[in-house]
Amino acid sequence: MVLEAPIVAADVVQWLYSDAPQLKGTLEIVTEMAKRLRAGKVPVDRVTTGIWVVHPNVRAESSIWVNGQTPELRLHTAENKSQDEYQKSPIKRVHETQKAVRVEIGKKPAVADEFPITAELRQEGYTDYIALPMRFSDGSVKVASFATKTPGGFSGSHIGVFESLIQPLALVCELKTLRRTAETVLDTYVGPRAGSKVLDGTTRRGEGEWIKAVVSFADIRGFTRLSNTLPADKIVLFLNKYFGAMTAAVEAHGGEVLKFIGDEVMAIFPYETKEEARDASVRALMAARETLTRIEAINTARTCSVTPDLSVGIALHAGDVFYGNVGSETRLDFTVVGPVVNLAARIAELAKDLQRQLLVSDALADIMGCRSGLYGRYQVKGFDEPVSVYSPDLSADPKFGYCPKSTAALALETN
């Protein structure tokens, strides 16, 4: 191995600089690197990386490769027990000292028991473990670890291979982390559809496209009075519950939340064909039903007695909308605009005025082939002609479109 080690190290380093950056993410890089090390007779049986990430819910992520097992990307949040594990880990020691930490498990079992992870590895038959600092260009230190079950542990040549590849590994991991950070920030603040356009460089100020979509507007009833009476921190708690329920429901049914406007949530369910239009409409209705179910559960739980029960009004409309970015040279916002969006917003106001949880437009009723549940025709601001709105029965089966009069006929069609 003494003569082979420099060759193996050079091969892996060359791969890290050339082909590794083309892989999707850190987990794929760790997996391929481990396979290359084993092919070069470096006896790794476990390889991991630990990297802090910018994410609203995730603090760090670990890419874990174990020989003979499926590679795993493990996410560490503020709530899970991984924070306690970190406090007692070699990883923390590396962060504090910025030096490698080696535990020769087979030769020094007492030392192995100092860390829960190495004690666990000893029980699984591992004989050696080393964690090395990966220095990113911003000065921060991440960690990669290598472990083996080979009798006698790693040789000095094996350790030399790890030391040779750690910096190029850090560089390629940093590239992937920066991309991941950009994707996370964009997905979080402008949504995945717009975020991908920004990253791909395919959009400019004022540019966009006409798309067909079901547009959903939802807002909280009595929010103005509420915001004038509750402390700011309780208002944020209140809004987060509501926005969380709405966003989870929309995303669960294939929609995308575009923006939060005060106490309003605007979402879209894009479609192209007639068949997709009905599917998008059903999914939007299912999302509305799930939103109301989630909000009812929040109210029942009474997790915060200071904030009152949530009550919302939801509106659904469908048609052609212009999807693009608007704003100044230094500040842009992705949104959908057009008469369809305007009418969806007006119907949401109407739902609030009429104390209805859900109202849908004539366009959505037409797509569903269901005009049962007509609630009336009303004049709304900005539109010359009165608009027809429907109050669908959300207790019906979603696949029938919540249309009581057509349920029996549709049931026959499916049989």
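The following questions and answers concern a predicted model of one protein chain.

In this predicted model, local features need pLDDT of at least 70 and side-chain atom pairs count only at pLDDT 80 or more, while totals for chains, interfaces and linings use all residues. Residues are numbered from 1 along each chain as its sequence is written, and side-chain values use heavy atoms, with hydrogens and water left out.

Trainee: How many helices and strands does the protein chain have?
Mentor: Helices (H or I, at least four residues) and strands (E, at least two) are DSSP runs, numbered from the N terminus. On that basis the protein chain comes to 14 helices and 14 strands.

Trainee: What percentage of the residues in the protein chain is buried?
Mentor: Buried means under 20% relative accessible area and exposed over 50%, with partly exposed in between (1.4 Å probe, protein chains only). Of the 415 residues in the protein chain, the buried share is 48%.

Trainee: Where do the buried residues of helix 1 lie around its axis?
Mentor: Helix 1 covers residues 4–18, and its buried residues are Ala5, Val8, Ala9, Val12, Val13, Trp15 and Leu16. Seen down the axis, these fall within an arc of 160° (taken from the directions from the helix axis to the C-beta atoms). They therefore line one face of the helix.

Trainee: Which exposed residues does helix 1 carry on the face turned away from its buried side?
Mentor: The buried side includes Val8 and Val12. The face turned away from it carries the exposed residues Pro6, Ile7 and Tyr17.

Trainee: Is helix 1 roughly parallel or roughly antiparallel to helix 2?
Mentor: The axes of helix 1 and helix 2 (residues 26–39) are 10 Å apart, at an angle of about 155°. Axes are lines fitted to C-alpha atoms, for helices over the stretch in contact, and angles run from 0 to 180 degrees between N-to-C directions. Angles under 35 degrees count as roughly parallel, over 145 as roughly antiparallel, 65 to 115 as roughly perpendicular and the rest as oblique. Helix 1 is therefore, relative to helix 2, roughly antiparallel.

Trainee: Which residues of helix 2 make the contact with helix 1?
Mentor: Contact means heavy atoms within 4.5 Å. Helix 1 contributes Val8, Asp11, Val12, Trp15 and Leu16. From helix 2 come Ile29, Glu32, Met33, Arg36 and Leu37.

Trainee: Is Asp219 buried or exposed?
Mentor: Asp219 lies in strand 7 (residues 208–220). Beyond four places away in sequence, Asp219 touches residues including Tyr242, Asp263, Glu264 and Lys352. Its relative accessibility is 2%, so Asp219 counts as buried.

How values were computed:
The expected span of a helix is 1.5 Å times one less than its number of residues.
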